[in-house]
Amino acid sequence: MGDLPGPGRKPRITQAGRSQLIALAISPPPGHPRRQDWGELRAADGQGPAVWTLDALTAAARTARSTCTAPGSAESC
């Protein structure tokens with residue numbers, strides 16, 4: 001009786017997956033402009049969002065997950 005699991009829903013993602021999502025959310029979005037060495041503002045991806053939205057984060061997380069689960073990919077993803 002001492003080691004029975006507690007009540008509630010089981011977690012859907014692992015702690016490592018949660019950490020990856022948090023790291024993605026605090027990273028700059030692909031369309032966010034950055035100042036170049038010569039002073040010009042330029043985005044890494046001109047078509048990407050300048051700020052993270054829920055849809056943009058979901059798409060980026062799915063893309064990252066699909067590349068990590070691809071055959072022959074690094075196991076540390």
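This is a predicted model: local features need pLDDT of at least 70, side-chain atom pairs count only at pLDDT 80 or more; totals for chains, interfaces and linings use all residues.

Where is the place of Pro28 in the chain? Pro28 sits in the loop between helix 1 (15-26) and strand 1 (33-35). Helices here are DSSP runs of H or I with at least four residues, strands are runs of E with at least two, and both are numbered from the N terminus.

Residues are numbered from 1 along each chain as its sequence is written, and side-chain values use heavy atoms, with hydrogens and water left out.

Now the chain as a whole. Its secondary structure amounts to 2 helices and 2 strands, in the order α-β-β-α from the N terminus on. The mean pLDDT, the predictor's confidence in each residue from 0 to 100, is 79 for the chain, and 83% of the residues score at least 70.

As to surface, the chain exposes about 6,600 Å², of which carbon and sulfur atoms supply 58%; the areas come from the Shrake-Rupley method with a 1.4 Å probe, and for residues only the protein chains shown count as cover. Of the 77 residues, 8% count as buried. Buried means under 20% relative accessible area, exposed means over 50%, and partly exposed lies in between (1.4 Å probe, protein chains only).

I return to the loop. Is Pro28 buried, exposed or partly exposed? Pro28 counts as partly exposed because its relative accessibility is 47%. Beyond residues up to four places away in sequence, Pro28 touches Arg34 and Trp52, where contact means heavy atoms within 4.5 Å. Pro49 lies 21 residues from Pro28 along the chain, and their C-alpha atoms are separated by 10.0 Å.

Pro29 also has its place in the loop between helix 1 and strand 1. At a relative accessible area of 7%, Pro29 is buried. With neighbours within four places left aside, Pro29 contacts Arg34, Pro49, Ala50, Val51 and Trp52. From Pro29 to Gly48 the C-alpha distance is 7.5 Å, across 19 residues of sequence.

Which residues does Gly31 contact, leaving aside neighbours within four places in sequence? They are Ala43, Asp45, Gly48, Pro49 and Ala50. Gly31, likewise in the loop between helix 1 and strand 1, is buried, with a relative accessible area of 11%. Arg42 is 11 residues away from Gly31 in sequence and 8.6 Å away in space, C-alpha to C-alpha.
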